[in-house]
Structure formats: structure tokens, C-alpha cells
Amino acid sequence: MASDVLSMTQPTMLSSPQPLQSPRGNFGRPLKLNPMKMPPHIDSIKMLEPGRKKLTSIETHRVVAVLDETIKRLELVSLFHHAIENLDRYSVVFGSELTGALREHKRLQDNMQRHLWRLNSGEDESSFQRERTNLAERADIFRQGVQSSVRNTLRLFLTNPTACQALRSEGHVRDQASQALIHFLTELRAFLFEMLLTSPLEQNERMRYLQEITLCDHKNRGVLMALEEELNAAILDRDTEIAKKNEIIRQLKINLHQLEKFSENQVKRAMQEAEKQQKSDCRASEGKMAKLQQDLQQLRSQLSGTIAENREIELSLRKKKYKVETEIENWIQKYDSDMGEKQAELEELDGMYEEEKTQLAELKEKLAVLEVEYVQIMEERREAQLRKEAAEKELASMNRAATIIQAHWKGYQVRQSLKGKKKKKKKGKGAGGKGKAKKGKK
């Protein structure tokens, strides 16, 4: 399964080129180099290293975290087969739920492999085309089931750190394909981490530098070919000179043989003188040895005194160490008791949190229903407000119209009353004139 998850190629790593040195000819004589323009000196290691040491953006952290999580999960998935084969051994650590999930995964995997084997058995006749289609569909269904089983089993492993640790400790039984895939993903992670640490400007500068190095390498190859030709000529000269030197060596050996005969007498005389010198040196060394023996006795007495003193110091230090260890053990016991209380308190808070979370979910459901009712009520209120405003506008227009009508009516009544008063005055004036006229006649 692990070998089918991902296929990748190993990235090629570029190494910094080493500068060519000028070769030398016979007897340390330097060869002549062709003059060429070399690129400026740049620290190759510093140029090829990323400019930053840590990731700066959240996106890059997420990319690296996803790849790390993939590698961890792949390490677990590649050991599923080993865990299934040794379920009796790991049943106590895994628990019943995880053991059942692994057995279900094995069943789905066996069914998928059986259908794939039947599908690839070589039956290509038209009479089996329909059956092959059904087998392909069923194999696809089992493949999806295996994928779901892998996801569910991984979730169970992640919720059980003890089972994860127990299965990861068996990494030496992982198959070669899975190990190679994990190795490739690890190298990909390192390569990707280096790429994320490198900015586009630094990448362009690095590519430019590598192009310069490649051009310099081509030029150096040309220089190297010329140097090889000069080296061959130098080797030929060297062989000629070696032949001459061999002849000189032969003559020197003859002279050396003559000198050996001459030097035997001198060696005998030197041996006699050496024996005399040895005897005198022996007498002097005996005196020095006696003096050194006395110094040794003094140093041994000093050593015994120092050992006794150090033993007393060691005893006092052991007492202090025992006291410190006792205090540390007491502190550890106190820490364990405190942590037990904190753990109990944490579990209680987790229970309260789950209960409040359930209540919150219920309140959210009620709130959703109330929100719908609230929207309806607000819509009805808005419509009622619109109707009320329309009624108020209509009432105001009616009041304004009634006021105008009443004003016109009052004006009309006033004008009518004024007209009646004018008519009465005219009638009174006419009656008075006639009476005066009658009196005058009398």
C-alpha cells in the first residue's frame, strides 16, 4: 500500500566546484598556464546556503507541517500489515476499537486484492466484458472502502499515543518500498524547507552564480586538456632524466661499496668509543636513579596523605548528595500529588465543557428557530408600521382637507351674515326718510 501512495524522484544536489590548481612538471617546475579571465572570488558555501535560518510566513509553516504530518502518517500506514499479522501481540495496547478497525481493514484489503487479481487474470474475450465491468466497479468500491478504513484507523491511532509509540518502535520491519518512500519524502521535506527559506531574488542570484561556475568549469576543462598535453611532454622528459639519473646512481653505488669497505675501520673505532661512553653513562644513570627513588618515596607519602584528605571530602559530599536526593524525591512526590489534583480538576472542567458545549448546541438550534420567528415578527411590524404611517398620512390629509373646508365654510357664513346686516341697514334708512317727508308736508 505504501509504495502506491506517492512516487517521486530524488532531487539532485549541486556541490560547489573546487578551484583548479596549477600542476607541476619535473622536479617541482610549474607548468605554463594559458591566461584566462577567471570569475571574481565568491564564497561558494555561503552563496549556496539559504539566506534565512527560520520560516517567516504562516503559509510556509503550514506547508512544512503538512509534509511532516504526511511522513508521520505514512510511517504508521506502512506498519499496518505488521500490526495486522501480530494483533494478538498488540491487542492489549491497541484496545478493542483499534483492533476491530485493523481487522476490518484487512478484510477490505483482501477483498480488493482478490477482485483486482480476478480483473487482471487475462480474460479479454467479449463474453467476459460485462463481468469485468462489474469486477472493476466492485474493485473501485473496495478501494474506496480501503481508503476510508485507512483514514479511520489513522484517526484511532492518533487518539491513542501509546499504540502509536508501540507501532513506531517496530520500524525495522518496514518493507523496502515504504522505507524508500519515507526516505524520499524526508529528503523532499529538507529540499522544500531549503527552497522556502530562499527568496526569489536569492534563487535568481544562485542560478546566476551556478551559470558562472558552469562557464568557468568549461573553461577549466579546456585549460586541463592543454595541461594534460604539457604533462605528457613533461613525463617524457622525466623518463629521459630518470634514465640519466639511474646511470648516475649505478656509479654512486660502486663508489658507495668502496666507501663501505673504507668505513668498516671507522665503525670499529666508533663502536669502541661508544662502549666507553655507555659505561660512563651507566655510572651517571645509577646515581640519578638513586635520587629519583628518594623523590618517589616522598611523592608516595604525599599521595597517601592526599588520598586520606580526599576520602574525607568525598564522605562529606556523599552526605550532601544523599540529602539533596532526599529533598528531590520529596519534591517529586509533591509534584506528582499536585499534578494528580490538577489532572482531576482538568477532567472535571472537560466534563463541564462538554456539557456546556451540548447546551450551547441546543441553544443555537433554539436561537435559529427564534431568529426565523424574529424575522417574521420584524417583517410584520415593518408592514404594520408602513400601514400605520399610510393611515397617519391619510388622516393628516383628511384633517387638512377638513380644516380647509371648515375655513371656507366659516368664511362663507361670515360673508352671508355681513350681507344680511347690510340689507337691514338699507331697509332702516329707507323707512326713516319717508317719515320725515310726511312730517314736512303736514
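How many residues apart do E247 and R250 lie in helix α8? In this predicted model, the two residues are three apart, or about one turn of the helix. Their side chains meet in a salt bridge. The N to O distance is 2.6 Å. Both partners are partly exposed. E247 has a relative accessible area of 39%. For R250 the value is 42%. Each of these values falls between the 20% limit for buried and the 50% limit for exposed, so the term partly exposed applies.

R382 and E379 are three residues apart, so about one helical turn separates them. R382 forms a salt bridge with E379. The closest N and O atoms of this pair are 2.5 Å apart. R382 is partly exposed, at 44% relative accessible area. E379 is also partly exposed, at 34%.

A further salt bridge joins the side chains of R238 and D239. Here the distance from N to O is 3.5 Å. R238 counts as partly exposed, with 37% relative accessibility. D239 is partly exposed as well, and its relative accessible area is 39%. Across the whole structure, the search finds eight salt bridges.

Charged pairs are one feature of the surface; a nonpolar patch is another. V324, I328 and I332 make this patch. Its area is about 250 Å². I328 is found in helix α8, which spans residues 200–441. The relative accessible area of I328 is 44%, and this residue is partly exposed.

Two packed helices are described by the angle between their axes and the distance between the axes. Helix α2 covers residues 58–77, and helix α6 covers residues 161–168. Their axes are 9 Å apart. The angle at which they pack is about 70°. Angles of 65 to 115 degrees count as roughly perpendicular; α2 and α6 are therefore roughly perpendicular to each other. Three residues of α2 make the contact on one side: K72, E75 and L76.

How values were computed: Residues numbered from 1 in each chain as written. Predicted model: local features only at pLDDT ≥ 70, side-chain atom pairs only at ≥ 80, totals over all residues. Heavy atoms only, no water. Patch = residues over 30% accessible without salt bridge, like charges linked within 9 Å, V, L, I, M, F, W, Y side chains within 5 Å. Areas by Shrake-Rupley, 256 points an atom, 1.4 Å probe, with all protein chains shown as cover. Salt bridge = Lys/Arg side-chain N within 4 Å of Asp/Glu carboxyl O. Helix = DSSP H or I, 4+ residues; strand = E, 2+ residues; numbered from the N terminus. Buried < 20%, exposed > 50% of the residue type's maximum accessible area, 1.4 Å probe, protein only. Axes fitted to C-alpha atoms, helices over the stretch in contact; angles between N-to-C directions. Parallel < 35°, antiparallel > 145°, perpendicular 65-115°, else oblique. Contact = heavy atoms within 4.5 Å.
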